[in-house]
Amino acid sequence: MEILVYGTINSVSLALMGLGFAMVYGISRVPNFAHGALYIVCGFVTWTLFHKIGLPYFISIILSLCVNGVLGILMYRFVLIRVRGMNISEIIASYAIGLAILEGFRFGGFRGMTYTLPVFMEGSLMIGSVPVDFHRLIMMVIGILLVAGLWVFTHHTRIGLALQGMAQDERAALMLGIDSDFMAMLAMGFGAVLAGVAATLILPLGNIVVESGYHVLIMSIAVCIVGGLGSWTGAFFAAFIIGYAQILTVVFIGSHFQMVVALLAIILTLILKPSGLFGQQKELEERV
Amino acid sequence: MSTQESRKERINRGIKVRSDGLYALMSWRELSYLTLPRFIMIAGMLSLPFLMPDMYWQRVISIVCIYAILALSFDFLAHYVGLVSLGGAFFIGTGGYIAGILNSYFSIPPFLTVPLAAIIGGIFCTLMLLPCLPLKGVYFAIVTLMYPLFMARVIEAFDIFGGTDGLVGIDSFSSSFAEQYFVIGMVLIFLFGLRRFVTTDRGLIFTAIMDNDQAVKASGIDITRYKALAVFIASAMGCMAGACLTHIYMWSGISQFALDFSILPIAATVIGGSGTLVGPILGCLILVPVSELLRDFGTLRIVFYASILVGFILFKSGGIMEFGQRKYEQFERWTKI
Amino acid sequence: MTDPILKMNGLSKRFGGVKALKDVSFDVFPGDVLGIIGPNGSGKTTIVNCITGFIKPTSGKVFFRGKDITGRPPHKIADMGVTRTFQVMRPYYSLPAYKNLVIPLFSPRAKRTGGWRGGGNLGNRQTIAIDILEDIGFERDSYIPFKKTSTLPTGYLKRLELARCLALKPEIIICDEVFSGLSMSEIASMVPLIERLQDEGITIVMIEHRLRELFQVANRVMVLNFGEKLIEGTPLDVMADKKVKEAYFGSEEVEEVMTYA
């Protein structure tokens with residue numbers, strides 16, 4: 001029972017972390033290695049607005065999500081657009097931006113255990129024999145709503161469909177009058193907002209520390225690779241696989257191995273089936 | 001009102017045209033035109049230990065060289081074989097730990113552990129990366145980025161080789177003089193060795209694999225073998241650097257798998273000029289000392305070199321070498337059109 | 001009749017739900033010039049990929065000189081002497097033209113056979129490379145073989161693709177649309193080259209859209225449609241066939257081709 005409950009919670013939080021990365025890669029083919037940094041940015045901005053400026057919690061969250069979105073858009077507009085299509089430059093550039101942001105925060109004094117955000121709702125609930133606090137439940141509900149919302153958005157709205165079209169074939173989308181750079185910029189913004197959403201949902205459960213930026217990046221890459229780069233439904237299911245695998249290792253082997261499992265998942269997936277568990281088969285393009 | 005427009009014209013220097021390719025050298029002047037940059041490079045590197053004022057900066061020289069070897073191996077893999085490995089730390093860490101283990105468990109002296117670490121580490125890294133060799137582009141980059149993290153976590157989780165404390169009390173080189181000249185010599189040997197190697201027929205195959213691996217296969221060549229060879233060369237270099245690092249700091253630990261060792265060589269390569277092999281070394285000569293100067297600012301130096309990296313990728317993707325080479329080989333003048 | 005040098009047996013390939021090849025069987029005999037034609041998407045290139053090991057057929061077998069080579073890696077198959085050109089030309093763009101040939105000359109097969117015509121000693125690969133290029137129509141004593149591949153026009157690139165096969169001293173060359181994208185005069189100069197290769201005893205499989213030139217050089221033609229073999233026979237037989245007309249030609253062009261032949 002414990003495994004089931006915590007496994008699900010862990011999986012949803014992994015899915016939240018991975019969604020933004022999967023979305024950006026799926027639409028614009030830019031591996032956004034600054035994803036972890038965006039996550040942390042949102043945490044610290046919310047903290048500053050809430051504790052230093054004294055805005056209400058809800059408003060500071062909304063504001064910091066906006067900040068994140070704008071940051072993502074700016075990052076695309078001024079940096080990534082110039083290296084678009086050069087895979088390695090994309091990785092290096094976005095990773096360098098992320099590194100600069102994260103280490104900048106560390107330098108700026110954001111370190112240690114002092115930075116926490118309040119949970120949405122105090123108290124806890126018993127599911128079977130396992131106590132679960134309300135915040136985790138809210139996180140799960142919002143997480144699942146978010147995935148459902150994303151699905152509706154991409155399948156039933158104009159922009160969503162345009163994004164999907166671009167994800168499938170950018171040139172064809174261009175010919176149909178879809179501005180691919182604008183769409184990629186939007187995707188980047190959305191991805192940043194999603195990272196922010198993940199941050200506001202997950203960070204109240206612990207401290208805001210710079211290290212978790214790297215952790216989030218690795219986990220989101222793990223989720224996306226296992227699910228198949230570019231497919232966010234795949235990422236969602238992969239989150240459950242990795243999530244349960246991690247909880248199982250914690251219970252049966254030891255918490256030290258939690259990260260080993262995630263990294264092993266990435267390496268094994270790439271070696272055995274590089275297109276991921278749910279990715280489309282691209283026999284000729286990726287290996288052979 | 002000036003409606004006159006100009007454009008910049010670039011013309012190869014006559015001496016460059018004559019001495020290019022055919023090597024029909026007519027005079028000492030032409031000979032020196034070709035050899036001067038190389039000579040300055042070698043002499044400069046060799047005289048560095050004398051130019052540095054104190055122990056601290058001499059130590060920095062060794063670190064520069066270690067990063068330079070790593071950057072060389074990155075440049076070779078990325079721009080001559082087409083395998084972009086973000087796992088410099090994997091090589092450093094493996095080499096470092098092997099040297100550490102050999103020295104502290106079997107008390108083998110440094111001058112033996114370094115070559116041993118290079119060979120054993122090279123084989124180990126190649127075997128580990130062997131299943132990933134069919135991967136391309138982003139996929140290979142991500143998997144190599146994960147390896148050092150994985151190794152660090154494995155060592156931490158199993159608590160082997162000293163666990164989080166690392167291996168301590170490892171012998172240093174016999175003298176700082178030996179240490180510096182050893183690493184400097186290694187940089188120069190690897191630099192000129194690789195430059196020669198990539199232009200041989202065998203080296204051309206690597207370039208061909210980078211351009212188009214399908215056609216190489218259709219030519220009846222087993223590309224996995226050649227990729228493995230390339231990875232062995234690169235990882236042996238990286239492991240040797242790691243072994244030197246271990247002996248310089250007399251310590252090997254998990255932080256040798258840190259991302260620093262993956263990102264700085266890449267930054268140096270981009271800044272110096274990717275695909276030139278000399279560029280990465282220049283980049284290290286600039287980046288490492290600057291980041292040492294900024295040591296007091298703590299992590300700000302990472303911010304600093306990350307931003308330089310982004311700047312270079314965006315605006316000067318050719319790097320310093322391309323710029324310098326152009327100035328050395330071509331006239332530039334404004335002409336009216 | 002001699003044994004076939006290359007034999008397909010019930011070759012099928014399925015990509016997800018799409019059946020690219022359905023039970024295709026055919027033989028190639030030594031000295032043949034076999035043309036494979038068919039509309040776009042009829043599985044021609046898939047056949048090439050299956051023979052040369054770039055993709056594995058879902059079912060069916062490929063035999064070379066009676067030996068089963070199905071699913072062997074591409075370099076092993078090339079090592080036996082089954083070479084191919086690519087439809088989308090794949091030169092090594094960062095190398096000059098003659099250095100493109102150093103790669104195949106470095107292969108184990110070239111070392112064994114001595115490469116292009118020359119017996120035994122391979123000597124300097126770069127000079128051999130230039131010899132081959134001259135033979136295949138690059139002007140000698142010009143700067144063209146030394147030019148970066150990325151600056152060469154299509155005609156030269158197509159020849160370079162062929163030259164890369166020749167450097168291996170092949171037994172079979174499978175040409176994937178060597179004529180496409182060439183001007184009429186370039187094609188005209190390419191045809192005698194193919195005929196000469198045939199005279200030298202190299203078996204050739206040609207996948208082609210340019211029917212007129214193909215029918216000129218081919219002694220047998222196979223027609224594919226939606227992954228299925230429609231008919232196989234001499235060029236005249238094929239042109240006379242009703243099914244082929246319906247499936248592929250469209251009436252006008254048939255008349256034109258037939259009057260030419």
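User: What percentage of the 288 residues of chain A count as buried?
Analyst: The model is predicted, so local features need pLDDT of at least 70 and side-chain atom pairs count only at pLDDT 80 or more, while totals for chains, interfaces and linings use all residues. Residues are numbered from 1 along each chain as its sequence is written, and chains are lettered from A and ligands numbered from 1 in the order in which they are written. A residue is buried if 20 or more other C-beta atoms, placed from the backbone, lie within 10 Å of its own, exposed if 12 or fewer, and partly exposed in between. By that criterion, the buried part of chain A comes to 49%.

User: Which radius of gyration does chain A have, and why does chain A count as compact?
Analyst: Chain A has twelve helices and two strands, where helices (H or I, at least four residues) and strands (E, at least two) are DSSP runs numbered from the N terminus. The globule rule, 2.2 Å times the number of residues to the power 0.38, is compared with a radius of gyration taken over C-alpha atoms. For 288 residues the rule gives 19 Å, and chain A is close to this, so chain A is as compact as a globular protein of that length, with a radius of gyration of 19 Å.

User: How many residues of chain B does helix 6 give to the side that touches chain A?
Analyst: Two residues are in contact if their C-beta atoms, placed from the backbone, lie within 7 Å, and 34 residues of chain B are in contact with 34 residues of chain A. Helix 6 (137-158), helix 11 (260-272) and helix 13 (300-315) of chain B each supply at least two residues of this side. Of the side of chain B that touches chain A, helix 6 gives the most, namely 13 residues.

User: How many residues of helix 3 of chain B are buried?
Analyst: Helix 3 (residues 55-81) of chain B reaches 38 Å from its first C-alpha to its last, close to the 39 Å expected at 1.5 Å a residue; the expected span is 1.5 Å times one less than the number of residues. Gly82(B), with a positive phi near 85°, follows the helix. Helix 3 of chain B has 27 residues and is mostly covered, the buried ones numbering 20.

User: Which residue in the turn between strand 4 and strand 5 of chain C has a positive phi?
Analyst: Strand 4 (residues 59-64) of chain C pairs with strand 1 (residues 6-15) in the antiparallel sense over five bridges, pairing requiring that DSSP find at least two bridges. Strand 4 is also joined by two bridges to strand 5 (residues 67-68), again antiparallel, with Lys67(C) as the bridge partner of Phe64(C). Strands 4 and 5 of chain C form a hairpin with two residues between them, and the residue whose phi is positive, about 50°, is Arg65(C).

User: How many residues of domain 2 of chain C are in contact with domain 1 of chain C?
Analyst: An automatic or database domain assignment supplies the bounds, giving domain 1 (1-79 + 201-261) and domain 2 (82-170) in chain C. Domain 1 contributes nine residues to the contact, and domain 2 contributes eight.
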